[in-house]
Amino acid sequence: MKPQILVCGAGIVGLSCALALARKGQRVAVLAPRNEVPAAQADVYHPRVYAISPASQRLLDELGVWQMLPSVRVAPVQAMEIHGDGDGRVDLHAWQAAQENLAWIVESGEIERVLIQAVRMFGIEWLDDRCESWRQEGVVLTAAGRRMQAELFVGADGAASRLRESAGIQYESRSYHDIGLVAHLDAERPHQGTALQWFRDDGVLALLPLPDTATGPQVSMVWSMREAQAKALLGLPRPEQAAELEKRLAHAAQGRLGALRMRSALHGFPLSVDQAQMIGPGIALVGDAAHRVHPLAGQGLNLGLGDVRALSDAISQRENFRTAGDARVLRRYQRARAEPVLAMRLATDGLHRLFGVQAAPLAWLRNAGMRWVDALPFVKRQLIESASRN
């Protein structure tokens, strides 16, 4: 029996989507190379971590996977310190919005591992192949030459989505000419569950809390750095690279966590702002296949999981006479995601542009604005509640 819905892609968003749809009674299958994530090793953390918002945590809990994550590898974020490029600063605390946590920092590999287990336990069919091209409404050709039919194809195959490209769905991409540098660091002082961020003239630096290791406190660094500087750093031999990065961190982080030492390899990925039309004939796009935003707000995965909830709701609540790929059903999904995706894109892109201009009047104004926000509790509560809904 052919599936009603074929999810192309087996990353976090793709597997979450398949699980959400299956739990709402839809016949769903996953089309992607089989992915095995080995069990985690003590004190060795996956290079990529995500800040999971309360809304995303609720979705993962509803899918039955949040409780499968080992609690010792999840770091709750109870506060944020955001520093401008002058004397501007905003402090956010979960208690300001009557919340237990602002977010949770979780390794990509751990989320993938428990999702794979959940998909298997739920009996969802997994086709060890990949989408090669969309041929016509209701038909996809795989890399192995199979013709797959379904009422709806879900494009969860990443920013370079083959499904989106072959179906000719409108897609716009603009490079920031920045590279996101990620690494895990040993910290001299405890982070106390606080995420730290600095807006600087050479990019945006974030230090995210991670569980302590045997050697002491640990944080994950995400530094969106100008392309030329980042490439020069990535091209250095490991000892020189570590010495140079630690020197820059000592200056940029202003000694907030004491000395910072590299404990993992340094990785880099190009940054861009991307937006697709999100739907096509019998196609719905989710996650990076649909949109990408600057990582300065840490909301990329949360937007993708928001897509999962909206799509599974639109499909499960459709009229009995409509198929999963009905154009009206897909337009409901598109409308549901239009405002939150646009708002996040405008916010992150606007902040990137605002701090990218070094003119003295604007620099004074943006730091004054941060001081103003920090002095108004109701504004900070609104910021926290807005981020929690994504």
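User: At roughly what angle do the axes of helix 1 and helix 3 cross, and within what distance do they come?

Analyst: This is a predicted model, in which local features need pLDDT of at least 70, side-chain atom pairs count only at pLDDT 80 or more, and totals for chains, interfaces and linings use all residues. Residues are numbered from 1 along each chain as its sequence is written, and side-chain values use heavy atoms, with hydrogens and water left out. The axes of helix 1 (residues 12-23) and helix 3 (residues 108-121) cross at roughly 30° and come within 10 Å.

User: Why is helix 1 called roughly parallel to helix 3?

Analyst: The crossing is at roughly 30°, and angles under 35 degrees count as roughly parallel, over 145 as roughly antiparallel, 65 to 115 as roughly perpendicular and the rest as oblique. Helix 1 is therefore roughly parallel to helix 3. From helix 1, I12, L15, S16 and L19 meet S108, I111, E112, L115, I116, A118 and V119 in helix 3; contact means heavy atoms within 4.5 Å. The residues of this contact of helix 1 with helix 3 divide into 8 nonpolar, 2 polar and 1 charged.

User: What makes helix 2 oblique to helix 7?

Analyst: The axes of helix 2 (residues 54-62) and helix 7 (residues 300-316) cross at roughly 50° and come within 9 Å. That angle makes helix 2 oblique to helix 7. A55, S56, R58, L59 and E62 of helix 2 make the contact with N302, L305, V308 and R309 of helix 7. By class, this contact of helix 2 with helix 7 has 4 nonpolar, 2 polar and 3 charged residues.

User: Why are helix 5 and helix 6 called oblique to each other?

Analyst: Helix 5 (residues 227-234) and helix 6 (residues 238-252) pack at about 140°, with their axes 9 Å apart. Helix 5 and helix 6 are therefore oblique to each other. In this contact, Q229, L233 and L234 of helix 5 meet Q241, E244, L245 and R248 of helix 6.

User: How much space lies in the second largest pocket, and which residues line it?

Analyst: About 190 Å³ of space lies in the second largest pocket. A pocket is an open set of points on a 1 Å grid where a 1.4 Å probe fits, with protein on both sides within 12 Å along at least five of seven lines, and lining residues have an atom within 4 Å of a point. The lining includes V37, P38, Y45, R73, E107 and E110. By class, the lining of the second largest pocket has 6 nonpolar, 3 polar and 3 charged residues.

Note on methods: Grid points are joined across faces, edges and corners, and a volume is the space filled by probe spheres set on the points. Ala, Val, Leu, Ile, Met, Phe, Trp, Tyr, Cys and Pro count as nonpolar, Asp, Glu, Lys and Arg as charged, and the others, Gly among them, as polar. Axes are lines fitted to C-alpha atoms, for helices over the stretch in contact, and angles run from 0 to 180 degrees between N-to-C directions. Helices (H or I, at least four residues) and strands (E, at least two) are DSSP runs, numbered from the N terminus.
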